[in-house]
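This report is written for a reader who is meeting the structure for the first time. Please keep the sequence and the 3D view at hand while reading.

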Amino acid sequence: RGIGTNRMGNRFFENITIRNCKIATTKGEGINMYDTKGIYLIGNQVTVGHRANNYQSTGVYIGLASKISNWGKYKTVLQKNTITGYYSGVAVTSFVKSKFNRIEFLSNRLKAKKSKKYALRLAYKGKQIKKLVKKKNKLS
């Protein structure tokens, strides 16, 4: 894993920004964000260089493993990134009944080497996201 977060006890991470970084991994995800309120990934180049038919070969993996009910104005923004994975470019999922507040995909280049249809993988067709914004993204 290149970069990862996960909650500690009953506290969630808040307002994590990764900007203008080159992240490459030969094992695990490029970026893995679990149980985080306020994720901002802007201008990054993320490359996963290995092949696994599961989430571990995903460029950016965003997930909820714990219930978050008090989102406030927190949102997730992916903007002007180039993200390449094998299994998927970006994957978003919740393992609990909680929904993501707002997720914005703006001007990204997302690639899944396995198949173009997995460049942006939203579990349950995005029904776990209260507000989904997708503008000017290139999927391949």
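## Aromatic pairs

The rings of Phe, Tyr and Trp (for Trp, its six-membered ring) are taken to pair if their centres lie within 6.5 Å, with planes under 30 degrees apart called stacked, those over 60 called edge-to-face and the rest called tilted; by this rule, the count in this predicted model comes to 4 aromatic pairs. In one of the pairs, the ring centres of Y34 and Y61 lie 5.8 Å apart with their planes at 40°, so this pair is tilted. Y34 belongs to strand 4 (residues 31-34) and Y61 to strand 7 (residues 58-64), so the pair ties together parts that are 27 residues apart in sequence. Helices (H or I, at least four residues) and strands (E, at least two) are DSSP runs, numbered from the N terminus.

Y34 also pairs with F95: the ring centres are 6.4 Å apart and the planes stand at 20°, so the pair is stacked. This pair links distant parts of the chain, since Y34 sits in strand 4 while F95 is in the loop between strand 10 (88-94) and strand 11 (100-106), 61 residues apart. A residue is called buried under 20% relative accessible area, exposed over 50% and partly exposed in between, with a 1.4 Å probe and protein chains only. On that scale Y34 is buried at 15% relative accessibility and Y61 is buried at 6%, whereas F95 is exposed at 54%. Y34, Y55, Y61 and F95 together form one aromatic cluster.

## Basis of the model

The model is predicted, and local features need pLDDT of at least 70, side-chain atom pairs count only at pLDDT 80 or more, while totals for chains, interfaces and linings use all residues. Residues are numbered from 1 along each chain as its sequence is written, and side-chain values use heavy atoms, with hydrogens and water left out.

## Overall fold and surface

The secondary structure of the protein comprises 0 helices and 15 strands. Its radius of gyration, taken over C-alpha atoms, is 14 Å, close to the 14 Å that the globule rule (2.2 Å times the number of residues to the power 0.38) gives for 140 residues, so the protein is as compact as a globular protein of that length.

Of the 140 residues, 49% count as buried. Where contact means heavy atoms within 4.5 Å, residues 24 or more positions apart account for 73% of the contacts with a separation of 6 or more. The accessible surface, from the Shrake-Rupley method with a 1.4 Å probe, comes to about 7700 Å², of which 46% belongs to carbon and sulfur atoms.

## Charged side chains

Lys and Arg count as positive and Asp and Glu as negative, while His and the chain ends are not counted. The protein has 30 positive and 4 negative side chains, and the centres of the two sets lie 10 Å apart, with each charge placed at NZ of Lys, CZ of Arg, CG of Asp or CD of Glu.

## Strand 3

T25 is placed in strand 3 (residues 22-25), and at 9% relative accessibility T25 counts as buried. Apart from neighbours within four places in sequence, T25 is in contact with R1, G2, G30, T47, V48, G49 and H50.

K130 lies in strand 14 (residues 129-135) and, at 53% relative accessibility, is exposed. The C-alpha atoms of K130 and F100 are separated by 6.1 Å, although these residues are 30 apart along the chain. Beyond its neighbours within four places in sequence, K130 is in contact with W71, K99, F100 and N101. K135 and Q56, by C-alpha atoms, are 26 Å apart in space and 79 residues apart in sequence.

Most residues other than glycine have a negative phi. K125, in the loop between strand 13 (120-122) and strand 14, has a positive phi of about 55° although it is not a glycine, and K125 is exposed with a relative accessible area of 78%. K136, in the loop between strand 14 and strand 15 (138-139), has a positive phi near 55° and counts as exposed at 73% relative accessibility.
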